[in-house]
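User: I am new to this structure and would like to learn how its features are read. Could you guide me through them step by step?

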Amino acid sequence: MENIAPALLDWFYKNRRILPFREDPTPYHVWLSEVMLQQTRVSAALPYYERFLAVLPDIPALAVCDEEKLHKLWEGLGYYSRVRNLQKAAKIVCEQYGGQLPADYAALRALPGIGDYTAGAIASISFGIPVPAVDGNVLRVLARLLDCHDDITRPAVKKALATKAAEMVPEDFPGMFNQALMELGQTVCLPNTVPHCLECPLCGGCAGCAAGTAADLPVRAPKKARRVEQRTVLVLICQMAAGRRVLLRRRGEKGLLAGLWELPNTQGWLSADEAQAYARSLGAAAQTVFPLEEGRHVFTHIEWHMKGFMLPVDHFSPGWDGTWMSAGQLAEEAALPSAFRTYARLLPGLLEENGETGD
Ligand code: SF4
């Protein structure tokens, strides 16, 4: 197993997908792409990647970017702590390394939001340092190659597999080797199904394939069930002189979706009357209430099951800390987390009725 590099690299040269961050693997490009690809498919992340780089082409630009603009560039990708950590790290890189990521695994690993995997990816792909980059895809490939039946969610097992990976990384082309293993996991040694062993360059030496156990690997302890929360979301629309506006507010600085905009919402499923009363408690009076469709959003540990109401607001108390936003502001400035997408996609229609966008 130590010498899988030649066959794997040969396969990768012939079969790899052409991706922009592979074609121009500067440290910043690799870093950004790896952070975006955590929890996001390549096809979904690509437009974000292009747009992000068009606005913030280098680390100094990222370091000084306005937070609102940063969130807007990330809108729809979710897990906003990723982009906040990117910026925190960018500031440190500007202060300590002249705006360039350091060519040193330990120094990369010490930056906010950069774990073993991302540090390994940047170090090997951009700087040619022979260290492993073990993400979920690579863990699965390794568990199958080695016919490992231990629970890969256990840190000791992960560490043992990462050590094996480190032994396999060649001194020449470590970045290509790591990318090849990831690509193999993404396109051939697929999760939750029978892997395509007949297409695999490593099948001759794969212990899981030989034992007929590959499809059952890796072994993972069952995840803890997510907590289900019932919530009611209000879409409060007010006709103002300048046009229609929707009420948004900021979430607190700590916890879930910290610091992001949200549609007003509260725990529990409210009736229409209770929704009206809740709107009043926010300073917005409405005579009528329209039920909206139900929504659902899955976070890592929590699931929101949402009911929604649209309330045309007759009048509101100024001074409350919400913000009335136009369709233009929503499109250009404010990032609304995808947890609210069931209701957010109604907003352009609700705000632009009668052609009044009121920017
Ligand atoms: Fe995965 Fe099959 Fe290749 Fe083994 S032979 S690494 S199980 S695709």
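Analyst: The dialogue below treats the chain as a whole, then the ligand, then the aromatic rings. Please keep in mind that this is a predicted model.

User: How many helices and strands does the chain have?

Analyst: The chain contains 17 helices and 8 strands. Its C-alpha atoms fill a box of roughly 70 × 45 × 35 Å along the principal axes. Of its 359 residues, 50% count as buried.

User: Which residues surround the ligand?

Analyst: The ligand is surrounded by Arg-144, Leu-145, Val-188, Cys-189, Pro-195, Cys-197, Cys-200, Cys-203, Cys-206, Cys-209 and Ala-214. Sorted by class, this shell has 10 nonpolar residues, no polar ones and 1 charged residue. The space that the ligand takes up is the largest cavity.

User: By what is a pair of aromatic rings described?

Analyst: The description uses the distance of the centres and the angle of the planes. In this structure there are 6 aromatic pairs. One of them joins Tyr-28 and Trp-31, with 6.4 Å from centre to centre and 65° between the planes. An angle over 60 degrees counts as edge-to-face, and the pair of Tyr-28 and Trp-31 is accordingly edge-to-face.

User: What are the distance and the angle for the pair of Trp-304 and Phe-340?

Analyst: Trp-304 and Phe-340 are also edge-to-face, at 5.8 Å centre to centre and with 65° between the planes. Trp-304 lies in strand S7 (residues 302-316), while Phe-340 lies in the loop between helix H15 (327-332) and helix H16 (341-344), so this pair ties together parts that are 36 residues apart in sequence. Trp-304 and Phe-340 are both buried.

User: Which residues do ring pairs link into a cluster with Trp-304, and which residue lies over the face of Trp-304?

Analyst: Ring pairs link Trp-304 with Phe-299 and Phe-340 into a cluster. Over the face of Trp-304 lies Arg-231, at 5.0 Å from the ring centre.

Conventions. Residues are numbered from 1 along each chain as its sequence is written. This is a predicted model: local features need pLDDT of at least 70, side-chain atom pairs count only at pLDDT 80 or more; totals for chains, interfaces and linings use all residues. Side-chain values use heavy atoms; hydrogens and water are left out. A residue is near a molecule or strand if one of its heavy atoms lies within 4 Å of it. On a 1 Å grid over the protein atoms alone, a cavity is a set of points where a 1.4 Å probe fits but cannot get out, and a pocket is an open set with protein on both sides within 12 Å along at least five of seven lines; lining residues have an atom within 4 Å of a point. A molecule sits in a cavity or pocket if more than half of its atoms lie within 2 Å of its grid points. Ala, Val, Leu, Ile, Met, Phe, Trp, Tyr, Cys and Pro count as nonpolar, Asp, Glu, Lys and Arg as charged, and the others, Gly among them, as polar. Rings of Phe, Tyr and Trp (its six-membered ring) pair if their centres lie within 6.5 Å; planes under 30 degrees apart count as stacked, over 60 as edge-to-face and the rest as tilted. Helices (H or I, at least four residues) and strands (E, at least two) are DSSP runs, numbered from the N terminus. Buried means under 20% relative accessible area, exposed over 50%, partly exposed in between (1.4 Å probe, protein chains only). A charge sits over a ring if NZ of Lys or CZ of Arg is within 6 Å of the ring centre and within 35 degrees of the ring normal.
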